[in-house]
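Reader: I would like to learn how to read a few features of a model. Please take them one at a time.

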Amino acid sequence: MQLVHGSVSHKLQWEQPPETISFDPVLIILAEGLRETKHPYTFVAKEGFKELLEVEDAAEKAIPLVPKVIPKLKAALTHSDVEVFERGLHGLVQLSAVVGPAVNDHLKHLLTSLSKGLMDKNLKQLITDALQRLELHGGKDCLVIIKSKIPTYCSVYN
């Protein structure tokens with residue numbers, strides 16, 4: 001893939017259609033790249049991760065990789081740079097939208113970082129929105145996991 005610079009916005013140009021790319025190791029590498037702090041790496045990682053998860057059969061390709069992707073997202077969520085944290089959070093929500101409850105078993109490893117972020121008034125709404133989307137994608141089991149680590153969380157179903 002390569003970065004195509006536009007006058008207003010950038011986009012990725014894939015050497016082959018994203019649908020034909022092996023998610024292992026590309027999705028994992030892109031998830032790891034969410035921790036980058038320099039352009040164009042930040043853009044390539046964020047956009048590539050998003051675009052791979054948008055392909056038609058992304059769920060069946062991504063579900064087996066969830067145990068490998070989650071530690072990369074956790075590293076982004078524990079990063080001291082707020083933009084890296086936000087990219088990790090968006091990546092987690094994007095992944096959960098595709099794989100649904102497959103994220104639930106790994107969620108407890110990520111909630112400590114999200115709980116700490118809730119203390120930051122600039123991140124509180126972003127994290128609350130992300131938790132609600134995780135709950136929508138992960139179902140009632142997800143709610144139990146979130147409540148176990150963040151007791152003050154209010155369900156979207158209330």
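Reader: Is Cys142 buried or exposed?

Author: Buried means under 20% relative accessible area, exposed over 50%, and partly exposed in between (1.4 Å probe, protein chains only). Cys142 has 1% relative accessibility, so it counts as buried. Cys154, at 53%, counts as exposed. This is a predicted model, in which local features need pLDDT of at least 70 and side-chain atom pairs count only at pLDDT 80 or more, while totals for chains, interfaces and linings use all residues. Residues are numbered from 1 along each chain as its sequence is written, and side-chain values use heavy atoms, with hydrogens and water left out.

Reader: How many disulfides are there?

Author: A disulfide is a pair of cysteine sulfur atoms within 2.5 Å. By that rule the count is zero. For Cys142 the nearest cysteine sulfur, that of Cys154, is 15 Å away.

Reader: How many salt bridges does the structure hold?

Author: Side chains of opposite charge can pair when their charged atoms come close. A salt bridge here is a side-chain nitrogen of Lys or Arg within 4 Å of a carboxyl oxygen of Asp or Glu. The structure holds five. One of them joins Asp24 and Lys68, with the closest N and O atoms 3.4 Å apart. Asp24 lies in helix α1 (residues 23–33) and Lys68 in helix α4 (residues 66–77), 44 residues apart; helices are DSSP runs of H or I, at least four residues, numbered from the N terminus.

Reader: Which residues are linked in a network of salt bridges?

Author: Glu47, Lys50 and Glu54. Lys50 and Glu54 meet at 3.3 Å, N to O. Lys50 is partly exposed at 27%, and Glu54 is exposed at 53%.

Conventions
Helices (H or I, at least four residues) and strands (E, at least two) are DSSP runs, numbered from the N terminus.
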